[in-house]
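Biologist: I would like to learn how to read a fold from its coordinates. Could we take one chain and go through it feature by feature?

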Amino acid sequence: MRAILNNRSRLMALNNSGKMFPAPVFPPDSAADKLTCKLNNKSSVTTCTNSKSVLMDVSQQTSHVGMHTSTGNSGTLGATNMTTLVVGLGNHSMSGTRHNIGMAVADQLCKHLESNWKKDSECHGMIAMATLDENHKLILLKPRHFMNVNGKSVLKTVTKYNIPVTNIFLLHDDIDRPLGKYSIKEGGSAGGHNGVKSVINCLGTNNMLRLRFGIDRPTNPSAVPDYVLEKFTTTEKEVLPRLVDECVQLVLKRIQGQTVK
């Protein structure tokens, strides 16, 4: 894959103007969606660059984005006068599937905060703005990319709104946890999740918070690609509203700096 950036000057051009970023990739609303997503989930995650040195530059650049122009964005969740980017990972055109539970939590968070989604072509996603309290503002993002390249949208949004990478909160599914189990993780590896891998690769760091929502794992390992792209069963749907609401409250408490399990 041809690298997007190959030197520091091009990286600075990306951060300052965004003009060098690839055009948005919008999943087709067709019957072929599921097959295409299945193929993408089986393949390796698409990265933003193939140069480790450039990824280091991206991390250094984005880690300081916002500190030059945004007062109070300390980079630590729970601090005062800060803006947090909350990202629901998923495949934009496949709502209701297990792999899109992160977007479902983002939708409920948007509703809870009485905000509305608006398409932002520059960020390659859907954006919602909200004020949690006098000290905390939120930007919600649902990428309009396939899961494997969600990181491109996150990078564009971080750059546009001057968000330190430490103020990013990812919401995503976790097949290594049973349905009904969820937790917040800070840093660490992607654990095989291609959406998280994409974000880490594009930003050059894993120094961000993640809400991991358990969706359980099928007994047959080869069934995973189909399983995550299927909709929840009727029985599972009965408990989802409560679980999603609990996750929304957990995320809000963590952003405000409260101790959560």
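This is a predicted model: local features need pLDDT of at least 70, side-chain atom pairs count only at pLDDT 80 or more; totals for chains, interfaces and linings use all residues.

Biologist: What holds the strands of a sheet together in general?

Modeller: Strands of a sheet pair through backbone hydrogen bonds, and the pairing can be parallel or antiparallel. Here 7 strands make an open sheet with mixed pairing. Their order is β2-β3-β4-β1-β5-β7-β6.

Biologist: Which are the edge strands?

Modeller: An edge strand pairs on one side only, and here that applies to β2 (118-120) and β6 (182-186). From one strand to the next, the twist averages 30°.

Biologist: Which strands does helix α5 touch?

Modeller: Helix α5 (residues 150-161) packs on the sheet and touches β1 (82-88), β2, β3, β4 (136-143) and β5 (168-174). The direction of α5 makes about 145° with that of β4.

Biologist: At what angle do the axes of α5 and α6 cross?

Modeller: For a pair of helices, read the distance between axes together with the angle. The axes of α5 and helix α6 (residues 194-203) come within 7 Å and cross at roughly 45°. That angle is why α5 counts as oblique to α6. The crossing of α5 past α6 is right-handed. On the α5 side the contacts involve Asn150, Gly151, Lys152, Val154 and Leu155, which meet Ser198, Val199, Cys202 and Leu203 in α6.

Biologist: How do the axes of α4 and α8 cross?

Modeller: Helix α4 (residues 101-112) and helix α8 (residues 234-255) have axes that come within 9 Å and cross at roughly 70°. Because of that angle, α4 is roughly perpendicular to α8. α4 also passes α8 in a right-handed crossing. From α4, the contact uses Ile101, Ala104, Val105, Gln108, Leu109 and His112. From α8, it uses Leu240, Val244, Asp245, Cys247, Val248, Gln249 and Leu252.

Biologist: How many helices and strands are in the chain, and what percentage of its residues count as buried?

Modeller: The chain has 8 helices and 7 strands. Of its 261 residues, 51% count as buried. The accessible surface comes to about 11900 Å², and carbon and sulfur atoms account for 50% of that.

Biologist: What percentage of the contacts join residues at least 24 apart?

Modeller: Take the contacts between residues at least 6 apart in sequence: 75% of these join residues at least 24 apart.

Key: Residues are numbered from 1 along each chain as its sequence is written. Side-chain values use heavy atoms; hydrogens and water are left out. Two strands pair if DSSP finds at least two bridges between them. Helices (H or I, at least four residues) and strands (E, at least two) are DSSP runs, numbered from the N terminus. Axes are lines fitted to C-alpha atoms, for helices over the stretch in contact, and angles run from 0 to 180 degrees between N-to-C directions. Contact means heavy atoms within 4.5 Å. Buried means under 20% relative accessible area, exposed over 50%, partly exposed in between (1.4 Å probe, protein chains only). Accessible areas come from the Shrake-Rupley method with a 1.4 Å probe; for residues, only the protein chains shown count as cover. Angles under 35 degrees count as roughly parallel, over 145 as roughly antiparallel, 65 to 115 as roughly perpendicular and the rest as oblique. A crossing is left-handed if the near helix is turned anticlockwise from the far one by less than a right angle, and right-handed if clockwise.
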